Amino acid sequence: MKLIYILCLSMLLSGCSWFGQNEVTQEDPSANQPVKTSEMKDMFSYFDQQGLEYDNAKDMEVVDINAHEGKAFEYQGNPVYLYRMNMQDEKISSWMKEIKNSGKVTINQNGTDESYDALINGEYLMVTKQGTDLNKLSEAFKKYE
């Protein structure tokens, strides 16, 4: 009798799990999608993988330009400024489109407007003094995904 009871209980419990396998559950489809986020450290890891050598990398204050992150560094003795911009801000997004089209950005420093060369890649803005040849750095920056 005990054996029959154990067999019935086992079948009942395993049957519950069989029923559960046929249930269709609604899940948030975005929950299964990887969220692609990029941070400044990812860009610099990419630069390292590309064999680019840079010096004196340091974080910058970015509140004034509404960026997520900023980093100043030197590449082949030239100062370079890299920002990860807040593309959710409509003004910033529009500004980035203008910069991408012109390849230039004007920045006010100490009350004086100065023009710089600029490259855009997605949410990233790279700024250098006018006429600076970044060689491999600019090519790697353009290819970063």
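**Core packing in the predicted model**

The largest nonpolar core holds 17 residues, of which Phe47, Phe73, Leu82, Met126 and Leu137 touch the most other members. Such a core is a set of buried Ala, Val, Leu, Ile, Met, Phe, Trp, Tyr and Cys residues joined through side-chain atoms within 4.5 Å. Buried means under 20% relative accessible area, with a 1.4 Å probe and protein chains only. Five elements each supply at least two residues of this core: helix H2 (40–49), strands E2 (67–75), E3 (78–85) and E6 (124–129), and helix H4 (136–143). H2 gives the most, with five residues. A second, separate core has 13 residues, including Ala67, Met85, Tyr116 and Ala118.

This is a predicted model, in which local features need pLDDT of at least 70, side-chain atom pairs count only at pLDDT 80 or more, and totals for chains, interfaces and linings use all residues. Residues are numbered from 1 along each chain as its sequence is written, and side-chain values use heavy atoms, without hydrogens and water.

Phe73 contacts (heavy atoms within 4.5 Å) several residues beyond four places away in sequence, among them Phe44, Phe47, Tyr54, Leu82 and Leu137.

The protein chain contains four helices and six strands. These are DSSP runs, numbered from the N terminus: helices are H or I of at least four residues, strands E of at least two. Their order from the N terminus is α-α-β-β-β-α-β-β-β-α. Of the 145 residues, 30% are buried. Among contacts between residues at least 6 apart in sequence, 40% join residues at least 24 apart.

Terms used. Buried < 20%, exposed > 50% of the residue type's maximum accessible area, 1.4 Å probe, protein only.
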